[in-house]
Amino acid sequence: MLLRVRSGLMQFTAYDTDGFFDEMFETDGRPRAGSALLVQRIHGLPQGELLQRQRAAEQALLHMGITFNVYGDEAGTERIFPFDVIPRIVEAADWALIERGLKQRIQALNLFIDDVYQAQHIINDGIVPAFLINSAKCFLRPCVGLRPPRGIWCHITGTDLVRDRNGQIYVLEDNLRCPSGVSYVLENRQVLKRTFPQVFEASRVRPVDDYPSRLLEMLQYLAPDSVTSPTVVVLTPGLYNSAYFEHAFLAQQMGVELVEGRDLVVADGFVFMRTTKGLQRVDVIYRRLDDDFLDPLTFRSDSLLGVPGLFEVYQAGHVALANAPGTGVADDKVIYAYVPKIIRYYLGEDSILPNVPTYICWDDTERRHILANLDKLVVKAANESGGYGMLIGPHASAAERAMFAERIQAAPRNYIAQPTLALSRAPVIVEEHFEGRHVDLRPYILYGQEIYVLPGGLTRVALRKGSLVVNSSQGGGSKDTWVLAGESHAC
Amino acid sequence: MLSRVADSIYWLNRYIERAENVARFIDVNLQLMLDLPAGTTEQWAPLVDTTGDRVLFQERYGVTTRENVVAFLTFDLDNPNSIYACLRAARENARSVREIISSEMWEQVNTFYLMVRDAVAQGRVLAESHTFFTEVKMASHLFVGITEVTMSHSEGWHFGRLGHLLERADKTSRILDVKYYLLLPHVADVGTPVDDIQWSAVLKSASALEMYRKRFGRIRPDQVADFLMLDREFPRAMHYCLVQAEESLHAISGSPIGTFQNLAEQRLGRLRSELDYAQIDEIIASGLHEFLDAFQAKLNNVGTAIFETFVTVRPVTDVPTLVQGSQMMRTR
């Protein structure tokens, strides 16, 4: 069904969900309850108005310089993150489930990381094989026996959630290592409040603007007890990192210094930053630098980005790092497959949010199944993120599949496979009409005095027609995510 | 304030000011060519001398035609002092401190950079040169104004102000140096219409013609030099720039003007007081070019001293000088 739409007048009448779960419309074409107001508003806009608002939003983002860097692209290393003005709406009941599920998951994962670096009960009780931990790329031996401040390892998490054809929500990835994207959540919201002010107000959208204050509060909570007014900094790899904009943005919003490794120095067992008036002590570091690069004396000796001696100061409890080094062990995609068991082991509960069914390549039976069904599966490297090192079987060529089959056989520990999900879709503006595009959702979770889930998140959109890859580095865009207030929320 | 941040704000402002001055040089020269009698050879070489990049120009272009010089000074990215290169560097510096400067400042640098980039891509620089150079000047003014009214006038702002005032003093001295050197030898020309036009152009390139007229009326080479060097009130005059720069430098350390606590304050104070007591006829008698040349060298030394005082990384083995809360200790 494809109806011609009069130029400039944008209506959803021709919009087709194509049998996918649509975030905005029921299968019969009626808008979902939370989206009805928005659909009505869009239909009431004068001709050309929506496109004009889309352009205004893009212009605002361009001039705010809200960009990201793409590795391996010489011509335009800095790009605007594509943005679609139609918000993705999450209804209160769905959100309540997501929130409970994420809190449960983060609590269990934190207990798991703590256990893995200390007594290793979960290995001794035969739940997770020792081999798996020891071969995890992000299992850091220097962290064994470490007790991070307040017993928290994963302070900031950006869990990726997806929905399949019948609307079931799954956890796709845990992202416990400095997840990025939250700055887009905050900036997208600023832009959208200007784009749809009336609908925004009438829909009772839960606010996200207090994220920086909550982040700062959480970071200050980690400071050594002896410090009364802790100095917090954000540590960035520098200008050429793909998420530099976000590092700067968060430092600015929290009102703290943004530092690079060369701005910090270790002396007399403490960390200091170099200022125009001498050295100033630093108590908490929100580091957006990978574990490997943190300290050339402990980790990669060729790192120019880190701070020599930092890890020793951390071990002595004279500085806090968020997230704790070593947290990535729980981010390994093979360990991901064990998370339901991890939750049951530590909390005695069933997972509220299920995993996507996952096949483990180093299991002989499962590997045979994987290799026989490469054309139906998605294969992921266990330790990559950002959509790198991934095979989408149904969309790949025979040669690509053969290459992955070879890699899997050579290093089965390094790969997992999952069925290709029919990801849910949401309408986006394509030229002068609407088309469905696949989306995911990344909510952000802070673990300080308690676990807090930001009511919102980054909705990433695979802008290429039919594509399932939503990563910004692979041609993805974003939408604002509106979490609607339920009966229990005062707005 | 982080040393690296202070350095970036300082250079952000220097680069913006530099881009503006290059636009001024070129624009005035373009205007000047329109007023010259038919048949006169266009004078483009002095422009390359003004920015001090003669050697690089010779290597890359050879002949000083209008097209070559404008290309070199406007959009040649291999010339670190071209307008485009300056904007690119300014933007990189701004990006690295965008959480320190105001969002409005960052947006202006970004918009400015995009404007120059697009003008270069669309070939507007030569086709609509006057419009383009005016836009560059105005974008720079807008940046200075936005900085004035959106950023707290605290340490970071003073580093920025220091950057653009030192850059401006240097550029004013250069434009005067080149023109004086070029124009003065022809004593016979003094007082001719062509001479008047040339000296008016010098003043115009510093937006100084109207203010000069208010002070001196008729155009005389020595008074033009006096105005651009020693005037205490005209914002592009070398003396004015140093007085204001010194204010910022002392606001950073908190020490009173007339005393010094570090090398930067000592050098800038000495140079400023030289201009305090200088007289134009003495300067001309002992050689204007020599004076300006020495001025530029001393100004460079001020810049070096600022870097050494506030930015240079002290060795880790040093006993750290602690700054905690309000109890601040001076580094020198």
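A residue is buried if 20 or more other C-beta atoms lie within 10 Å of its own, exposed if 12 or fewer, and partly exposed in between, with C-beta atoms placed from the backbone. I kept that definition at hand for everything below.

I noted that this is a predicted model, where local features need pLDDT of at least 70, side-chain atom pairs count only at pLDDT 80 or more, and totals for chains, interfaces and linings use all residues. Residues are numbered from 1 along each chain as its sequence is written, while chains are lettered from A and ligands numbered from 1 in the order in which they are written.

Most residues other than glycine have a negative phi, and most peptide bonds are trans. So I looked for exceptions.

I found A:D18 with phi near 50°. A:D18 sits in the segment before α1 (36-44); helices are DSSP runs of H or I, at least four residues, and strands are runs of E, at least two, numbered from the N terminus. A:D18 is exposed, since 11 other C-beta atoms lie within 10 Å.

Next I checked A:E431, where phi is positive at about 50°. I placed A:E431 in the loop between β18 (425-430) and β19 (433-442). A:E431 has 7 C-beta neighbours inside 10 Å, so it counts as exposed.

I also looked up a cis peptide bond, from A:A322 to A:N323, with omega near -10°. A:N323 is in the loop between β13 (320-322) and α11 (333-336).

**Chain B, overview.** I got 16 helices and zero strands here. Of its 332 residues, 46% count as buried.
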